[in-house]
Amino acid sequence: MDQLVIEGRHPLKGTIRISGAKNAALPILAATLLTGGTFRLQNIPRLVDIKTFTDLMTDLGVIVDYSADNDSDVLNIDSSGLSDHEAPYDLVRKMRASILVLGPLLSRTGKARVSLPGGCAIGARPINLHLKGLELMGAKLRLKKGYIEARAGRLNGAHIYFDTPSVTGTENLMMAAVLAKGTTVLRNAAREPEILALGQMLNQMEAKIKGLGSDTVKIEGVRKLRPVDWAIIPDRIEAGTYMMAVGTAGGELIIENLLANHLEAVISKLRSTGLQIEGDNTRISVRKKGNLHSVDIKTLPYPGFPTDLQAQIMVLMALADGLSVITETIFENRFMHVAELRRLGADIKVEGRSALIKGINELNGAPVMATDLRASASLVLAGLAAKGTTTISRVYHLDRGYECLERKLAAVGANIKREKA
Ligand code: UD1
């Protein structure tokens with residue numbers, strides 16, 4: 001198993017280019033199941049999660065020209081041969097986002113059999129809202145041997161209210177609704193940029209979706225869609241992570257190929273910590289001058305501060321001058337990085353859904369263990385700041401969602417290498 005070895009305290013200098021967004025690419029791959037024909041997708045990040053999803057699509061009879069060794073960011077997909085409707089446990093347990101095939105399979109073929117995702121490290125993560133929406137659209141669902149078995153004739157449009165805005169829930173129901181009979185209205189829908197991007201692609205495929213980017217999305221069902229060429233938006237979480245790396249390692253980075261307007265809450269908080277951020281929407285500079293200041297953070301659905309950057313900003317707060325409170329409102333168990341950060345000397349106490357952080361002057365390198373994707377990124381940021389050597393084991397979590405992380409950081413001056421444990 002690979003581990004990352006980081007020698008801390010090397011300030012960063014140079015340019016990092018942001019890759020395509022994992023969380024935008026996954027629903028867009030799922031959308032190619034909605035119709036036969038050839039799609040050409042650009043700016044696809046080379047990530048383990050993308051490979052897992054394309055393996056699932058291949059199992060379903062779709063032709064995907066993914067080669068893990070190929071550096072190209074283009075993926076050609078031919079979904080004409082879709083011949084199966086099952087997402088097996090082995091793939092869904094590796095990646096919960098596999099649930100995204102449920103809506104498209106059901107609306108194109110009238111049937112789907114998808115393994116029920118179990119709990120995951122960051123919480124129970126139910127899918128009740130996906131299922132309730134599909135039932136309101138007329139699907140017959142039953143749970144058998146750990147699988148959701150779904151059947152439907154042509155789905156019917158319905159009015160669906162989300163008790164809590166769910167990202168993949170909104171995406172699944174949008175994909176189910178585009179081929180349904182009549183109009184579907186999704187209320188209190190999630191409005192993350194990745195959902196907007198999916199909706200824009202579906203409209204390019206000749207779906208009729210209005211209200212994209214708002215919490216009320218109206219979808220008028222159509223009979224047929226067509227394949228398209230499409231480019232994946234930049235990964236706002238990757239961009240936010242590298243902005244925060246400047247906060248922990250020091251120095252100055254140019255970050256390019258991002259969409260800074262997707263990061264307004266993050267940039268505003270980072271400026272309050274004292275980081276200097278300038279530039280335009282697609283290219284910014286981030287510079288650290290002086291000590292970091294404490295700020296309080298509460299994770300919220302978009303456009304609020306993203307839960308996927310909560311672990312990373314906690315490292316900045318661990319090194320800031322003063323006390324801060326980070327409140328996690330999205331997932332109930334997303335503080336596993338705290339125990340690992342404490343091993344590096346951080347002073348953090350968890351009380352319920354809040355972490356109370358008392359900033360200290362320095363962290364000290366130690367062996368730590370990655371527990372989930374974003375927690376792993378926080379350990380890398382901590383390793384960049386720490387005195388001495390930090391060894392991070394179980395880095396396969398990072399490979400799920402950060403393209404070439406150690407190569408990108410080493411190229412801007414970090415002392416980081418991957419080795420076999
Ligand atoms: C997506 C992202 C993930 C991010 C999360 C929150 C993808 C592939 N993953 O995950 O990186 O951390 O959004 O921004 O895009 N909930 C229910 N019932 C449901 C569905 C969700 O109660 O049926 C709850 C969840 O437990 C959680 C909240 O809704 O408390 C938000 O979860 P959701 O937006 O669904 O997360 P994902 O789509 O799984």
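Mentor: Happy to! Let's start with helix H5, which gives the shell around the ligand its largest share, 3 residues. Keep in mind throughout that this is a predicted model. H5 spans 128-136, and together with helix H6, at 167-177, it belongs to the helices that each supply at least two residues of the shell. In total, 18 residues surround the ligand. The closest of them are Asn128, Ser166, Thr168, Asp308 and Ile330. If you sort the shell by class, you get 8 nonpolar, 7 polar and 3 charged residues.

Now step back to the domains. Domain 1 is made of two segments, 2-19 and 234-420, while domain 2 covers 22-231. Each of these domains contributes at least three residues to the shell around the ligand.

Next, the polar side chains. Ser166 places a polar side-chain atom 2.6 Å from an oxygen atom of the ligand. For Thr168, a polar side-chain atom likewise lies 2.6 Å from a ligand oxygen. As for how covered the ligand is, it exposes 740 Å² when taken alone, and the protein buries 85% of that.

While you have the model open, a few other spots deserve a look. Most peptide bonds are trans, and most residues other than glycine have a negative phi. Against that background, the bond joining Tyr302 and Pro303 is a cis peptide bond, with omega at about 10°. Pro303 sits in the loop that runs between strand E18 (297-298) and helix H10 (310-318). Arg9, a residue other than glycine, has a positive phi near 70°. You will find Arg9 in the loop between strand E1 (2-7) and strand E2 (12-17).

Finally, a word on the rings. If you count aromatic pairs by ring centres within 6.5 Å, the total comes to 0. There is still a ring with a charge over it: Arg113 lies over the face of Tyr147, at 3.9 Å from the ring centre.

Methods. Residues are numbered from 1 along each chain as its sequence is written. This is a predicted model: local features need pLDDT of at least 70, side-chain atom pairs count only at pLDDT 80 or more; totals for chains, interfaces and linings use all residues. Side-chain values use heavy atoms; hydrogens and water are left out. A residue is near a molecule or strand if one of its heavy atoms lies within 4 Å of it. A polar contact is a pair of N or O atoms within 3.5 Å; within protein, one must be able to donate a hydrogen and the other to accept it, and residues adjacent in sequence count only if both atoms are side-chain atoms. Accessible areas come from the Shrake-Rupley method with a 1.4 Å probe; for residues, only the protein chains shown count as cover. Helices (H or I, at least four residues) and strands (E, at least two) are DSSP runs, numbered from the N terminus. Ala, Val, Leu, Ile, Met, Phe, Trp, Tyr, Cys and Pro count as nonpolar, Asp, Glu, Lys and Arg as charged, and the others, Gly among them, as polar. Domain bounds come from an automatic or database domain assignment. Rings of Phe, Tyr and Trp (its six-membered ring) pair if their centres lie within 6.5 Å; planes under 30 degrees apart count as stacked, over 60 as edge-to-face and the rest as tilted. A charge sits over a ring if NZ of Lys or CZ of Arg is within 6 Å of the ring centre and within 35 degrees of the ring normal.
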